[in-house]
Amino acid sequence: QQWADMYRSKGFQVVPALAPGESDQWKRPAVPWRIHENDLIDDQLFSQWYDATSGQYRLRINMGMITGVKAHGKRYWVLDLDTSKTDAADQWWQGLLALHNNGMAIETWTQRTQSGGLQLVFAAPDWWTPPTGKTPIGVDIRGFGGFAMLPPSQGVLGVYQWCDGLAPWDMDAEEAPMWLCNAVDALLAQHGRTAASGADTQPQGPVTTTPTP
């Protein structure tokens, strides 16, 4: 319940999520969620879920965020690098950093997934609506209409954990630079904006528009 309160205070559209054993595809919200893609849920519904004494899901460890929801003036999206399955995701990311950021990492909210991958949370600039899609190189984008698990959720292979110094209580999320937004659009265009199976990433919403640098 304290985790959910913290996430909500940061503007996350936090929702209870399934756990392994409840479904083969457990990386999903435990509640109907399409109706919550656009606006932060109201206090009454959040209390029904997470009130400290009577909330229906107050004891449920697994939770996640519906990505791309605009709240507190920001729209958060997730860059999912599945480095545990392929080196291609890390190569794509490190190549971008070398080309556009002097090879330096971007310090933003970053979590280690239950399988050992990395998920970086960015705020979207006002001119860009983050898309949602999956690629065969292990880079998934969780933007408008997407979903991502959050710590302290437990998976089949382990737990989700924020990286040291890169948690929501340590700092603010970095706004995605133009070069990253352009790279995401180009990557998904290259791979046909393929949607991931299930609720993790299913594209919906407006088409993005990218200004020229």
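**Backbone exceptions and an enclosed strand**

Author: Ile66 stands opposite Phe147 in β9. This is a predicted model, in which local features need pLDDT of at least 70, side-chain atom pairs count only at pLDDT 80 or more, and totals for chains, interfaces and linings use all residues. Residues are numbered from 1 along each chain as its sequence is written, and side-chain values use heavy atoms, with hydrogens and water left out.

Reader: How is a strand defined, and when do two strands pair?

Author: Strands (E, at least two residues) are DSSP runs, numbered from the N terminus, as are helices (H or I, at least four). Two strands pair if DSSP finds at least two bridges between them. Here β2 and β9 are antiparallel, with 5 bridges. Strand β1 (residues 13-16) is also antiparallel to β2, joined by 4 bridges; Val14 there stands opposite Met65.

Reader: Is strand β2 buried or exposed?

Author: Buried means under 20% relative accessible area, exposed over 50%, and partly exposed in between (1.4 Å probe, protein chains only). In β2 (residues 63-67), 5 of the 5 residues are buried, so the strand is largely enclosed by the rest of the structure. Met63, Met65 and Thr67 point one way, Gly64 and Ile66 the other.

Reader: Which residue has a positive phi, and which peptide bond is cis?

Author: Most residues other than glycine have a negative phi, and most peptide bonds are trans. His72 has phi near 55° and lies in the loop between β3 (70-71) and β4 (74-81). His72 counts as exposed because its relative accessibility is 54%. The bond from Pro151 to Pro152 is cis, with omega near 5°; Pro152 is in the loop between β9 (146-150) and β10 (161-162).
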